[in-house]
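Please examine the structure shown below. The paragraphs that follow lead through selected parts of it.

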Amino acid sequence: MTAQLIDGKAISKRLRVGFRTRVEKLIEQGVSPGLAVIIVGDNSASRVYVGNKIKACEECGVVSFHHAFPAETSEADILADIRNLNSDHKVHGILVQLPLPSHIDVRRILEAISVDKDVDGFHLYNVGGLVVGNTIFPPCTPYGVQLLLETTGIDVAGQNVVVVGASNIVGKPMALMLLQKEATVTVCHAKTRNLAQHTIIADILIVAAGKPGLIVPQMVKEGAIVIDVGINRLPDGRIVGDVDFEGVKEKASWITPVPGGVGPMTVTMLIENTLRSAERALHLRKENDYQDWEAPQLKTE
Ligand code: NAP
(Lines give C-alpha, C1' and ligand atoms only; values in the text may rest on other atoms or scores of the structure.)
Protein backbone atom coordinates (compact mmCIF):
# COMPACT_ATOMS: atom_id res chain seq x y z
CA MET A 1 0.00 0.00 0.00
CA THR A 2 1.20 3.53 -0.73
CA ALA A 3 -0.30 6.07 1.61
CA GLN A 4 -2.32 9.07 0.53
CA LEU A 5 -0.88 12.37 1.62
CA ILE A 6 -2.60 14.56 4.22
CA ASP A 7 -1.68 17.95 2.81
CA GLY A 8 -1.54 20.35 5.75
CA LYS A 9 -0.52 23.24 3.52
CA ALA A 10 -3.61 22.88 1.32
CA ILE A 11 -5.98 22.34 4.28
CA SER A 12 -4.51 25.42 6.00
CA LYS A 13 -4.99 27.48 2.88
CA ARG A 14 -8.67 26.51 2.70
CA LEU A 15 -9.21 27.33 6.37
CA ARG A 16 -7.57 30.71 5.96
CA VAL A 17 -10.00 31.65 3.16
CA GLY A 18 -12.80 31.35 5.73
CA PHE A 19 -10.82 33.45 8.20
CA ARG A 20 -10.87 36.49 5.91
CA THR A 21 -14.68 36.52 5.94
CA ARG A 22 -14.70 36.33 9.73
CA VAL A 23 -12.20 39.20 9.96
CA GLU A 24 -14.37 41.34 7.65
CA LYS A 25 -17.44 40.62 9.80
CA LEU A 26 -15.54 41.60 12.95
CA ILE A 27 -14.26 44.82 11.38
CA GLU A 28 -17.82 45.71 10.28
CA GLN A 29 -18.78 45.52 13.95
CA GLY A 30 -15.88 47.71 15.07
CA VAL A 31 -13.44 44.99 16.17
CA SER A 32 -10.09 44.62 14.43
CA PRO A 33 -8.61 41.30 15.63
CA GLY A 34 -5.08 41.65 17.02
CA LEU A 35 -2.34 39.24 18.09
CA ALA A 36 0.68 40.22 20.20
CA VAL A 37 3.79 38.06 19.87
CA ILE A 38 6.53 38.36 22.49
CA ILE A 39 9.98 37.03 21.72
CA VAL A 40 12.91 37.19 24.13
CA GLY A 41 16.47 36.63 22.90
CA ASP A 42 17.91 35.66 19.57
CA ASN A 43 17.04 31.98 19.02
CA SER A 44 17.15 31.61 15.23
CA ALA A 45 14.40 28.92 15.08
CA SER A 46 12.16 31.11 17.28
CA ARG A 47 12.73 34.06 14.96
CA VAL A 48 11.61 31.95 11.99
CA TYR A 49 8.49 30.73 13.88
CA VAL A 50 7.58 34.29 14.93
CA GLY A 51 8.12 35.51 11.36
CA ASN A 52 5.73 32.81 10.07
CA LYS A 53 3.10 33.80 12.62
CA ILE A 54 3.31 37.48 11.71
CA LYS A 55 3.13 36.62 8.00
CA ALA A 56 0.01 34.52 8.63
CA CYS A 57 -1.59 37.44 10.51
CA GLU A 58 -0.97 39.71 7.52
CA GLU A 59 -2.41 37.12 5.13
CA CYS A 60 -5.62 36.80 7.17
CA GLY A 61 -6.11 40.50 8.00
CA VAL A 62 -5.18 40.14 11.69
CA VAL A 63 -3.18 43.03 13.18
CA SER A 64 0.09 41.84 14.74
CA PHE A 65 2.09 43.49 17.52
CA HIS A 66 5.68 42.27 17.58
CA HIS A 67 7.39 42.74 20.97
CA ALA A 68 11.06 41.69 20.69
CA PHE A 69 13.23 41.85 23.83
CA PRO A 70 16.96 41.23 24.23
CA ALA A 71 17.96 37.95 25.96
CA GLU A 72 19.01 39.72 29.19
CA THR A 73 15.55 41.33 29.76
CA SER A 74 14.31 40.69 33.30
CA GLU A 75 11.30 38.54 34.07
CA ALA A 76 9.69 41.60 35.74
CA ASP A 77 9.90 43.56 32.46
CA ILE A 78 8.27 40.74 30.48
CA LEU A 79 5.53 40.44 33.11
CA ALA A 80 4.93 44.20 32.92
CA ASP A 81 4.59 43.97 29.13
CA ILE A 82 2.09 41.11 29.46
CA ARG A 83 0.04 43.11 32.00
CA ASN A 84 -0.16 46.03 29.53
CA LEU A 85 -1.22 43.70 26.72
CA ASN A 86 -3.83 42.05 28.98
CA SER A 87 -5.62 45.39 29.32
CA ASP A 88 -5.10 46.55 25.72
CA HIS A 89 -8.42 46.30 23.85
CA LYS A 90 -6.66 46.14 20.48
CA VAL A 91 -5.05 42.85 21.50
CA HIS A 92 -7.16 39.65 21.47
CA GLY A 93 -4.37 37.11 21.67
CA ILE A 94 -1.00 37.06 23.45
CA LEU A 95 1.67 34.57 22.55
CA VAL A 96 5.04 34.21 24.22
CA GLN A 97 7.43 32.35 21.93
CA LEU A 98 9.16 29.47 23.74
CA PRO A 99 11.83 28.65 24.76
CA LEU A 100 12.60 31.60 27.06
CA PRO A 101 16.08 32.38 28.44
CA SER A 102 16.86 30.28 31.53
CA HIS A 103 16.60 33.15 34.05
CA ILE A 104 12.87 33.51 33.24
CA ASP A 105 10.28 31.25 34.89
CA VAL A 106 8.18 29.98 31.97
CA ARG A 107 5.22 28.97 34.17
CA ARG A 108 5.06 32.40 35.80
CA ILE A 109 5.05 34.05 32.37
CA LEU A 110 2.35 31.76 30.95
CA GLU A 111 0.14 32.20 34.04
CA ALA A 112 0.41 36.00 33.70
CA ILE A 113 -1.37 35.94 30.31
CA SER A 114 -5.08 36.68 30.67
CA VAL A 115 -7.11 33.48 30.27
CA ASP A 116 -9.25 35.39 27.75
CA LYS A 117 -6.21 36.08 25.52
CA ASP A 118 -4.37 32.77 25.98
CA VAL A 119 -4.45 31.83 22.28
CA ASP A 120 -1.62 29.29 22.68
CA GLY A 121 -3.79 27.48 25.25
CA PHE A 122 -0.94 27.03 27.76
CA HIS A 123 -2.51 28.78 30.78
CA LEU A 124 -3.47 26.31 33.53
CA TYR A 125 -7.14 27.30 33.15
CA ASN A 126 -7.13 26.25 29.50
CA VAL A 127 -5.08 23.14 30.26
CA GLY A 128 -7.64 22.20 32.95
CA GLY A 129 -10.42 22.88 30.44
CA LEU A 130 -8.94 20.18 28.22
CA VAL A 131 -9.38 17.63 30.99
CA VAL A 132 -13.12 18.29 31.26
CA GLY A 133 -13.59 18.93 27.54
CA ASN A 134 -14.46 22.64 27.38
CA THR A 135 -11.24 24.59 27.02
CA ILE A 136 -11.62 28.08 25.52
CA PHE A 137 -8.47 27.86 23.40
CA PRO A 138 -7.22 24.38 22.43
CA PRO A 139 -3.40 24.36 22.08
CA CYS A 140 -2.52 25.03 18.45
CA THR A 141 -0.48 21.97 17.42
CA PRO A 142 -2.85 19.25 18.76
CA TYR A 143 -5.78 21.35 17.53
CA GLY A 144 -4.17 21.38 14.08
CA VAL A 145 -3.76 17.59 14.16
CA GLN A 146 -7.42 17.21 15.15
CA LEU A 147 -8.48 19.40 12.20
CA LEU A 148 -6.23 17.46 9.79
CA LEU A 149 -7.94 14.22 10.84
CA GLU A 150 -11.46 15.68 10.71
CA THR A 151 -10.90 17.32 7.32
CA THR A 152 -9.60 14.04 5.91
CA GLY A 153 -12.83 12.37 7.11
CA ILE A 154 -11.12 10.29 9.81
CA ASP A 155 -13.27 9.66 12.87
CA VAL A 156 -11.13 8.83 15.90
CA ALA A 157 -13.99 7.43 18.01
CA GLY A 158 -13.23 3.86 19.06
CA GLN A 159 -9.87 3.80 17.26
CA ASN A 160 -6.60 2.76 18.88
CA VAL A 161 -4.58 5.96 18.82
CA VAL A 162 -0.97 5.88 19.98
CA VAL A 163 0.71 9.21 20.77
CA VAL A 164 4.52 9.08 20.91
CA GLY A 165 5.69 12.03 23.02
CA ALA A 166 4.20 13.35 26.24
CA SER A 167 5.22 17.01 26.36
CA ASN A 168 2.94 19.66 27.85
CA ILE A 169 2.58 21.42 24.51
CA VAL A 170 1.95 18.48 22.14
CA GLY A 171 1.69 14.91 23.48
CA LYS A 172 -0.36 15.39 26.67
CA PRO A 173 -2.95 17.85 25.28
CA MET A 174 -3.20 15.72 22.13
CA ALA A 175 -4.04 12.67 24.23
CA LEU A 176 -6.71 14.58 26.17
CA MET A 177 -8.32 15.91 23.00
CA LEU A 178 -8.43 12.42 21.48
CA LEU A 179 -9.94 10.97 24.64
CA GLN A 180 -12.62 13.66 24.47
CA LYS A 181 -13.38 12.42 20.93
CA GLU A 182 -13.76 8.86 22.29
CA ALA A 183 -10.51 7.37 20.98
CA THR A 184 -8.69 4.68 22.97
CA VAL A 185 -5.44 6.46 23.69
CA THR A 186 -1.96 5.18 24.56
CA VAL A 187 0.75 7.72 25.39
CA CYS A 188 4.42 6.73 24.99
CA HIS A 189 7.52 8.66 26.09
CA ALA A 190 11.28 8.27 26.39
CA LYS A 191 10.96 5.72 29.22
CA THR A 192 8.41 3.56 27.40
CA ARG A 193 9.77 0.00 27.14
CA ASN A 194 9.56 -1.59 23.70
CA LEU A 195 8.00 1.33 21.83
CA ALA A 196 7.24 -0.85 18.78
CA GLN A 197 4.96 -3.09 20.85
CA HIS A 198 2.68 -0.05 21.32
CA THR A 199 3.01 1.63 17.91
CA ILE A 200 2.22 -1.59 16.00
CA ILE A 201 -1.34 -1.70 17.41
CA ALA A 202 -2.10 1.90 16.38
CA ASP A 203 -4.92 2.55 13.92
CA ILE A 204 -3.74 6.15 14.17
CA LEU A 205 -0.13 6.89 15.13
CA ILE A 206 0.76 10.45 16.17
CA VAL A 207 4.47 11.09 16.68
CA ALA A 208 5.88 14.14 18.50
CA ALA A 209 9.23 13.12 20.00
CA GLY A 210 11.75 15.30 18.16
CA LYS A 211 13.80 12.23 17.10
CA PRO A 212 14.42 11.85 13.36
CA GLY A 213 13.92 8.30 12.09
CA LEU A 214 12.31 7.12 15.35
CA ILE A 215 9.42 5.39 13.58
CA VAL A 216 10.40 2.81 10.97
CA PRO A 217 8.06 0.64 8.85
CA GLN A 218 8.32 -2.44 11.14
CA MET A 219 6.70 -0.37 13.93
CA VAL A 220 3.63 0.54 11.87
CA LYS A 221 0.49 -1.52 11.26
CA GLU A 222 -0.50 -2.06 7.61
CA GLY A 223 -3.07 0.64 6.71
CA ALA A 224 -2.42 2.84 9.76
CA ILE A 225 -2.88 6.62 9.65
CA VAL A 226 0.41 8.32 10.54
CA ILE A 227 0.68 11.93 11.70
CA ASP A 228 4.24 13.22 12.06
CA VAL A 229 4.47 16.28 14.31
CA GLY A 230 8.28 16.23 14.56
CA ILE A 231 10.40 18.98 13.03
CA ASN A 232 14.12 18.18 13.00
CA ARG A 233 16.93 19.88 11.12
CA LEU A 234 19.56 17.37 9.93
CA PRO A 235 23.28 18.28 9.75
CA ASP A 236 22.91 18.62 5.95
CA GLY A 237 20.21 21.28 6.50
CA ARG A 238 17.22 19.15 5.52
CA ILE A 239 14.05 19.39 7.66
CA VAL A 240 12.54 15.99 8.51
CA GLY A 241 9.98 14.63 10.93
CA ASP A 242 10.24 11.73 13.40
CA VAL A 243 8.94 9.16 10.91
CA ASP A 244 10.94 7.42 8.18
CA PHE A 245 8.57 8.88 5.58
CA GLU A 246 9.78 6.93 2.52
CA GLY A 247 9.54 3.56 4.30
CA VAL A 248 6.39 4.15 6.33
CA LYS A 249 4.38 5.56 3.41
CA GLU A 250 4.50 2.07 1.85
CA LYS A 251 2.55 0.69 4.85
CA ALA A 252 0.29 3.52 5.96
CA SER A 253 -3.07 4.44 4.42
CA TRP A 254 -2.63 8.16 5.14
CA ILE A 255 0.49 10.08 6.14
CA THR A 256 1.52 13.70 6.76
CA PRO A 257 4.68 15.02 5.10
CA VAL A 258 7.33 17.13 6.87
CA PRO A 259 7.44 19.93 5.98
CA GLY A 260 3.89 20.70 4.79
CA GLY A 261 1.87 18.57 7.23
CA VAL A 262 1.26 19.61 10.84
CA GLY A 263 3.52 22.72 10.73
CA PRO A 264 1.27 25.00 8.65
CA MET A 265 -1.76 23.87 10.68
CA THR A 266 -0.16 25.04 13.96
CA VAL A 267 0.09 28.61 12.67
CA THR A 268 -3.41 28.45 11.19
CA MET A 269 -4.90 27.33 14.53
CA LEU A 270 -3.17 30.26 16.21
CA ILE A 271 -5.04 32.61 13.89
CA GLU A 272 -8.24 30.62 14.51
CA ASN A 273 -7.81 31.07 18.28
CA THR A 274 -7.15 34.81 17.84
CA LEU A 275 -10.34 35.21 15.80
CA ARG A 276 -12.21 33.11 18.34
CA SER A 277 -10.97 35.46 21.08
CA ALA A 278 -12.01 38.58 19.13
CA GLU A 279 -15.48 37.08 18.46
CA ARG A 280 -15.79 36.18 22.12
CA ALA A 281 -14.77 39.72 23.16
CA LEU A 282 -17.38 41.16 20.79
CA HIS A 283 -19.99 38.84 22.27
CA LEU A 284 -19.03 40.08 25.75
CA ARG A 285 -19.36 43.70 24.62
CA LYS A 286 -22.84 43.05 23.22
CA GLU A 287 -24.26 40.64 25.80
CA ASN A 288 -22.08 41.52 28.78
CA ASP A 289 -21.78 37.78 29.35
CA TYR A 290 -19.63 34.95 27.98
CA GLN A 291 -22.00 32.22 29.19
CA ASP A 292 -23.97 31.62 25.99
CA TRP A 293 -20.98 32.16 23.68
CA GLU A 294 -20.25 29.16 21.51
CA ALA A 295 -17.07 28.56 19.52
CA PRO A 296 -17.76 28.42 15.75
CA GLN A 297 -17.56 25.12 13.86
CA LEU A 298 -14.54 25.23 11.58
CA LYS A 299 -15.07 24.44 7.92
CA THR A 300 -12.56 24.16 5.10
CA GLU A 301 -14.99 25.00 2.30
P1 NAP B 1 9.73 17.82 23.86
O2 NAP B 1 9.20 18.79 24.86
O3 NAP B 1 11.21 17.61 23.75
O4 NAP B 1 9.05 16.41 24.17
C5 NAP B 1 9.41 15.26 23.48
C6 NAP B 1 8.60 14.09 24.00
O7 NAP B 1 8.99 12.94 23.28
C8 NAP B 1 8.85 13.80 25.48
O9 NAP B 1 7.65 13.42 26.10
C10 NAP B 1 9.84 12.63 25.44
O11 NAP B 1 9.70 11.74 26.53
C12 NAP B 1 9.39 11.92 24.17
N13 NAP B 1 10.48 11.15 23.58
C14 NAP B 1 11.75 11.53 23.34
N15 NAP B 1 12.46 10.52 22.83
C16 NAP B 1 11.63 9.47 22.73
C17 NAP B 1 11.78 8.12 22.29
N18 NAP B 1 12.95 7.66 21.84
N19 NAP B 1 10.71 7.32 22.36
C20 NAP B 1 9.52 7.76 22.81
N21 NAP B 1 9.31 9.02 23.24
C22 NAP B 1 10.36 9.87 23.21
O23 NAP B 1 9.24 18.14 22.40
P24 NAP B 1 7.87 18.83 21.88
O25 NAP B 1 7.94 20.29 22.14
O26 NAP B 1 6.70 18.05 22.31
O27 NAP B 1 8.09 18.62 20.30
C28 NAP B 1 8.21 17.34 19.75
C29 NAP B 1 8.56 17.47 18.28
O30 NAP B 1 7.50 18.14 17.62
C31 NAP B 1 9.81 18.30 18.00
O32 NAP B 1 10.44 17.80 16.84
C33 NAP B 1 9.25 19.69 17.71
O34 NAP B 1 10.10 20.46 16.87
C35 NAP B 1 7.98 19.32 16.99
N36 NAP B 1 6.93 20.34 17.07
C37 NAP B 1 6.30 20.61 15.92
C38 NAP B 1 5.26 21.51 15.90
C39 NAP B 1 4.57 21.75 14.61
O40 NAP B 1 3.95 22.77 14.46
N41 NAP B 1 4.65 20.81 13.67
C42 NAP B 1 4.88 22.16 17.07
C43 NAP B 1 5.53 21.83 18.26
C44 NAP B 1 6.56 20.90 18.25
P45 NAP B 1 9.97 12.17 28.07
O46 NAP B 1 8.72 12.95 28.44
O47 NAP B 1 10.06 10.88 28.78
O48 NAP B 1 11.22 12.99 28.04
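Met-174 is located in helix H7, which spans residues 171–180; helices (H or I, at least four residues) and strands (E, at least two) are DSSP runs, numbered from the N terminus. The model is predicted, so that local features need pLDDT of at least 70 and side-chain atom pairs count only at pLDDT 80 or more, while totals for chains, interfaces and linings use all residues. Residues are numbered from 1 along each chain as its sequence is written, and side-chain values use heavy atoms, with hydrogens and water left out.

Met-174 counts as buried because its relative accessibility is 2%; buried means under 20% relative accessible area, exposed over 50%, and partly exposed in between (1.4 Å probe, protein chains only). Neighbours within four places in sequence set aside, Met-174 is in contact with Pro-142, Val-145, Gln-146, Val-163 and Ile-206, where contact means heavy atoms within 4.5 Å. Asp-105, 69 residues away from Met-174 in sequence, lies at a C-alpha to C-alpha distance of 24 Å.

The strands build an open sheet of six, in the order E1-E11-E8-E7-E5-E6, with parallel pairing. At its edges are strand E1 (4–5) and strand E6 (184–188), each of which pairs on one side only. Two strands pair if DSSP finds at least two bridges between them. Strand E8 (residues 225–228) and strand E11 (residues 254–255) are joined in the parallel sense over two bridges. Val-226 has Ile-255 in E11 as its bridge partner. In general, strands of a sheet pair through backbone hydrogen bonds, either parallel or antiparallel.
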